[in-house]
Amino acid sequence: MEDVKKMVGSPLSRIDGILKVTGKADYSLDHPIDNVAYAVLVKSTIAAGKIREVNSAQAEKTPGVLAVISHQNSPKLNEKGGIRGGALLQSPEIKFFGQTIGMVVAETFEQAIYAASLVEFQYQEASPQVNFESLASKAMPSKDREDEKRGDARAALNQASLKIEEVYSTPIEHHHPMEPHAAIAEWEGDRLTLYSSAQIVNGAQNSAAKTLNIKPENVRIVTPYIGGGFGSKGGQWANLVLTAVAAKVAMRPVKLALTRHQMVNSVGLRQRNQQKISLAATADGKLMALAHETTTHSAIDEEFVEPCGDCSKLMYDTPNSLISYRVVPMNVILPTYTRGPGKSTGSFALESGMDELAHKLNIDPIEFRLRNEPARDPSNGKPWSTRATAQCLKEGAKAFGWEKRKAQPRQNEQGDYWVGHGVACGTYPAHQRPSSANVLLKREGSVVQATVELAAADLGTGTYTILAQTAADALGIPVDKIVVKIGDSDLPPAAGSVGSVGAMSYANVVNDVCQKATEELIAKSGKQFFARPTAAQLMVSEKIENFQSSVQSEAPASAEEYSSHSFNANFAEVWVHKFTGMVRVNRFLAVTGAGRILNPKTARSQIIGGNVWGIGMALTEESAMDPRWGNFVSRSLADYHIPANLDIGEMEVIFIREDDTASNKLGVKGIGEVGIVGVAAAVANAVFNATGKRVRELPITPDKLI
């Protein structure tokens with residue numbers, strides 16, 4: 001057999017790319033199902049109260065209508081089954097504006113839409129709790145996140161003469177993936193198949209089963225392709241189970257797709273956060289105290305709090321630290337994980353505060369950070385598996401041309417623009433999660449093919465490709481002879497594509513199962529080899545036509561002894577128009593230490609995607625709510641502003657080489673989350689350097705600079 005080129009580390013184009021650009025990849029609603037009906041959700045038009053009366057008679061008489069479902073006739077569901085945000089048509093109670101309160105099933109989508117408009121609800125209204133500004137002073141300690149203290153931060157701050165104490169605000173944001181949430185439900189007796197987008201395949205399977213009061217083995221989730229999710233498809237929401245309910249009631253397969261407007265009150269959001277950052281340092285730039293106190297909101301009856309203080313716990317060395325969370329219940333849908341949860345919002349506050357204190361101390365902001373590099377994780381005392389922050393800062397400064405930056409703001413003019421440069425750091429934890437996989441080998445003559453199977457998920461990040469590369473190297477088979485099967489709960493259970501655990505969990509289990517197959521083939525041959533043969537060579541030499549192996553993998557036992565994270569440094573050059581206050585990010589550089597990079601091409605794409613979202617977070621993204629009613633006035637991509645091509649300048653990505661096998665055998669870390677962490681702060685710090693105006697409330701819109 002010919003030598004096979006090593007694939008891991010090569011910039012291979014996505015193996016699923018052709019299917020996607022030619023329209024042959026099956027997303028949630030693309031699966032060919034016969035005799036399908038259509039369901040449409042009906043949403044509440046108040047934020048708090050109860051349904052007094054439901055009048056569905058006119059809708060039920062409409063041609064094509066198969067069922068009108070509300071709390072009055074919905075099948076009994078388990079509301080503690082793991083579906084997020086409630087809204088399962090089990091109660092007349094209304095807890096937020098846009099809560100699902102009904103569903104119409106019809107022969108066609110158009111008939112369902114029309115009939116849904118005819119269903120009338122009479123309400124008993126209550127006064128909604130929706131004005132965060134008036135409620136924030138009543139916030140109570142979080143139920144799930146206790147205060148974390150080291151030393152006495154308050155005493156140190158009270159005694160310090162060189163300090164900053166400021167509040168940084170981030171608004172509600174929405175995920176808005178390219179593919180809105182949608183599902184097809186098909187019952188065959190007691191067995192249910194759900195074609196839906198799920199970042200955690202087995203999680204969706206278990207949540208659907210528990211909520212529907214059936215066995216998990218009777219639920220199959222099929223999700224080979226996902227058109228983005230960014231956390232919103234990590235947990236499952238009511239629309240998934242309601243599709244199954246509609247199919248059961250109609251006694252035929254049903255499609256249910258959320259509209260873009262329905263997305264804002266159906267599948268969670270990034271909550272609004274007010275973060276007070278207090279920092280104290282000595283005159284030579286040594287931090288003495290750090291307090292990160294977050295006030296936020298959650299649902300009226302459930303709590304979710306993104307961990308805004310996570311970066312502050314471990315980024316810098318200080319003897320006195322306080323991390324706290326205060327929460328106010330509101331009549332708003334339950335918040336949820338959104339790309340870089342807590343770290344992206346928290347890093348805006350922390351890294352802006354670090355920039356402010358560096359400026360006050362008259363110390364370069366890179367040097368200030370380097371002077372406070374911790375030798376170990378300050379939050380738990382564990383040694384770092386690796387920590388690339390200092391190298392990211394130094395390499396980035398060199399590549400960006402940081403030495404040309406003017407330390408004092410408002411000193412760099414280019415025609416009608418002020419030009420500024422900013423820096424900020426970020427981090428995200430690295431954890432391998434338990435996963436299992438099969439490998440099936442098949443030989444025809446001297447050609448060996450392999451199929452790798454596991455219930456993984458590909459959000460569009462390149463999972464298919466990196467797993468094919470990993471298997472190709474481990475088996476000695478060309479990558480074009482590798483078939484990757486994922487996105488199906490009938491396959492071996494695996495971790496989710498969330499929290500940056502996907503790549504390391506999937507790649508390690510695929511490598512393990514391929515290595516195991518090779519070992520088993522060696523044993524089967526009964527021979528001794530001077531050089532270890534590949535699985536492909538053994539299949540040919542031993543004339544084996546078919547072979548299969550399975551494995552379950554988890555992180556090394558020693559992984560818990562280390563603190564393992566990806567780290568970055570972000571550099572932004574902004575141009576601010578003197579008269580309009582318009583901000584343009586002309587140049588952006590992200591330098592990242594994220595362990596072994598399996599595919600530089602897809603990894604670069606991931607980092608740029610996170611950077612672009614971070615720039616949107618800094619300059620444009622905000623979900624505006626009407627404080628009188630609790631409804632969002634930003635309801636679609638027409639009025640929810642995200643960066644377009646012309647908004648983004650030159651983007652550069654550098655990866656720091658890291659050999660880190662403490663947390664997992666292959667030394668892989670996550671990059672899907674860390675790409676957004678620290679980005680908004682880098683932009684905000686650059687705006688200050690350009691204009692001398694410190695904007696502490698995102699987004700940085702022109703009115704805040706004029």
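# Cavities, cores and strands in a predicted model

The largest cavity has a volume of about 80 Å³. This is a predicted model: local features need pLDDT of at least 70, side-chain atom pairs count only at pLDDT 80 or more, and totals for chains, interfaces and linings use all residues. Residues are numbered from 1 along each chain as its sequence is written, and side-chain values use heavy atoms, with hydrogens and water left out.

Start with that cavity. On a 1 Å grid over the protein atoms alone, a cavity is a set of points where a 1.4 Å probe fits but cannot get out. Grid points are joined across faces, edges and corners, and a volume is the space filled by probe spheres set on the points. The whole structure holds 4 cavities of 30 Å³ or more. Around the largest one stand 14 lining residues, meaning residues with an atom within 4 Å of a point. Nearest its centre are Lys 43, Ala 87, Thr 100, Ala 238 and Ser 266. Strand 1 (37-43) and helix 7 (238-250) each give at least two residues to this lining. Helices (H or I, at least four residues) and strands (E, at least two) are DSSP runs, numbered from the N terminus. By class, the cavity lining has 6 nonpolar, 6 polar and 2 charged residues. Here Ala, Val, Leu, Ile, Met, Phe, Trp, Tyr, Cys and Pro count as nonpolar, Asp, Glu, Lys and Arg as charged, and the others, Gly among them, as polar.

Next comes a pocket, which is an open set of points with protein on both sides within 12 Å along at least five of seven lines. The second largest pocket has a volume of about 490 Å³. It is lined by 28 residues, and the closest to its centre are Gly 85, Gly 86, Lys 95, Asp 301 and Glu 302. This lining splits into 14 nonpolar, 7 polar and 7 charged residues.

Two strands pair if DSSP finds at least two bridges between them. Strand 2 (residues 49-55) and strand 6 are joined by 6 bridges. One of the bridge partners is Glu 120 in strand 6, which pairs with Asn 55.

Buried means under 20% relative accessible area, exposed over 50%, and partly exposed in between (1.4 Å probe, protein chains only). Phe 97 and Val 332 are 235 residues apart in sequence, yet 7.0 Å apart in space, C-alpha to C-alpha. Beyond its neighbours within four places in sequence, Phe 97 is in contact (heavy atoms within 4.5 Å) with residues including Ser 44, Asn 265 and Trp 629.

Turn to the cores. A nonpolar core is a set of buried Ala, Val, Leu, Ile, Met, Phe, Trp, Tyr and Cys residues joined through side-chain atoms within 4.5 Å. In soluble globular proteins, nonpolar side chains tend to be buried together. The largest nonpolar core here has 110 residues, and those with the most contacts inside it are Met 103, Leu 441, Leu 454 and Leu 475. Helix 14 (residues 502-525) supplies the largest share of this core, 10 residues. Apart from it lies another core of 81 residues, among them Val 576, Ala 590, Met 617 and Ala 690.

Strand 19 (residues 435-444) is mostly covered, with 7 of its 10 residues buried. It runs antiparallel to strand 22 (residues 546-553), with 8 bridges between the two. There, Ser 436 stands opposite Gln 552. Strand 19 is also antiparallel to strand 20 (residues 447-453), through 7 bridges. These two strands form a hairpin with 2 residues between them, and Gly 445 in the turn has a positive phi of about 65°.

Finish at Ala 456, in the loop between strand 20 and helix 13 (463-475). Ala 456 counts as buried because its relative accessibility is 0%. Its C-alpha atom lies 5.5 Å from that of Gly 487, 31 residues away along the chain. Among the residues that Ala 456 touches are Val 201, Ile 486 and Tyr 506.
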